[in-house]
Amino acid sequence: MQIHLIAVGNKMPDWVQQGYNEYAKRLPRECELVLREIAPDKRKSGDIARIARDEGERMLAALPPRAHVVTLDIPGKPWATSDLAQALQRWLGNGQPVALMVGGPEGLSEQVKSVAKESWSLSPLTFPHPLVRIVVAEQIYRAWSLLNHHPYHR
Ligand SMILES: C[S@@+](CC[C@H](N)C(=O)[O-])C[C@H]1O[C@@H](n2cnc3c(N)ncnc32)[C@H](O)[C@@H]1O
């Protein structure tokens with residue numbers, strides 16, 4: 001199975017790429033994390049709704065066929081690691097690619113939220129979008145470790 005991490009933001013600084021790669025590279029092929037970076041809109045106009053909508057359209061265009069869509073969203077479900085491991089087991093078993101959607105500074109569009117089957121909250125805190133992709137990669141690796149009795153999770 002492939003988990004597509006569809007995230008607004010490109011041209012990330014080295015520390016973001018290194019942090020993300022550090023965890024993504026540990027996952028095996030049967031639970032591969034694939035990053036799809038979505039170019040952010042120019043912020044000059046200040047039209048927040050349009051920016052989120054345009055970015056949302058590009059995120060939806062990047063979805064693989066038959067994707068099971070999960071948004072990363074502050075008001076989503078606050079999963080414990082064991083909840084995420086259960087979700088990962090379910091995703092691995094249902095034969096569909098999974099798409100985890102991370103918005104930009106303006107957040108996710110209503111269109112993206114409307115196609116999601118699940119919504120995952122990392123915390124009630126608002127995190128910067130570059131940090132979210134690193135936390136998600138680490139948590140997916142941790143959930144995989146738990147399912148596979150790997151000593152990383154204890
Ligand atoms: C800077 S935040 C956007 C803030 C925007 N005001 C909002 O309410 O979504 C950028 C993206 O990171 C993700 N994000 C930030 N904090 C999060 C959290 N605590 N849980 C889940 N996702 C989060 C979401 O996908 C969000 O669209």
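Two aromatic rings of Phe, Tyr or Trp (its six-membered ring) count as a pair here if their centres lie within 6.5 Å. Keep that in mind as you look around this predicted model.

Start by selecting Trp79, Trp91 and Trp120: ring pairs link these residues into a cluster. Across the whole structure, a search turns up four aromatic pairs. For one of them, pick Tyr141 and Trp144, whose rings are stacked, with 6.1 Å from centre to centre and 20° between the planes.

Now colour helix 5, residues 129-147. Tyr141 and Trp144 both sit in this helix, three residues apart, or about one turn. Residues three or four places apart on an α-helix point the same way, because each turn takes 3.6 residues. Are Tyr141 and Trp144 buried or exposed? Both are buried.

Zoom out to see helix 5 whole: its 19 residues reach 27 Å from first C-alpha to last, close to the 27 Å expected. Of those 19 residues, 15 are buried, so helix 5 is largely enclosed by the rest of the structure. Step just past its end to His149, where phi is positive, at about 55°.

To finish, show the side chains where the helices meet. On the helix 3 side, select Leu84, Leu88 and Trp91, among others; on the helix 5 side, residues including Ile140, Arg142 and Trp144.

Definitions and conventions. Residues numbered from 1 in each chain as written. Predicted model: local features only at pLDDT ≥ 70, side-chain atom pairs only at ≥ 80, totals over all residues. Heavy atoms only, no water. Helix = DSSP H or I, 4+ residues; strand = E, 2+ residues; numbered from the N terminus. Expected span 1.5 Å × (residues − 1). Buried < 20%, exposed > 50% of the residue type's maximum accessible area, 1.4 Å probe, protein only. Phe/Tyr/Trp six-rings, centres within 6.5 Å; stacked < 30°, edge-to-face > 60°. Contact = heavy atoms within 4.5 Å.
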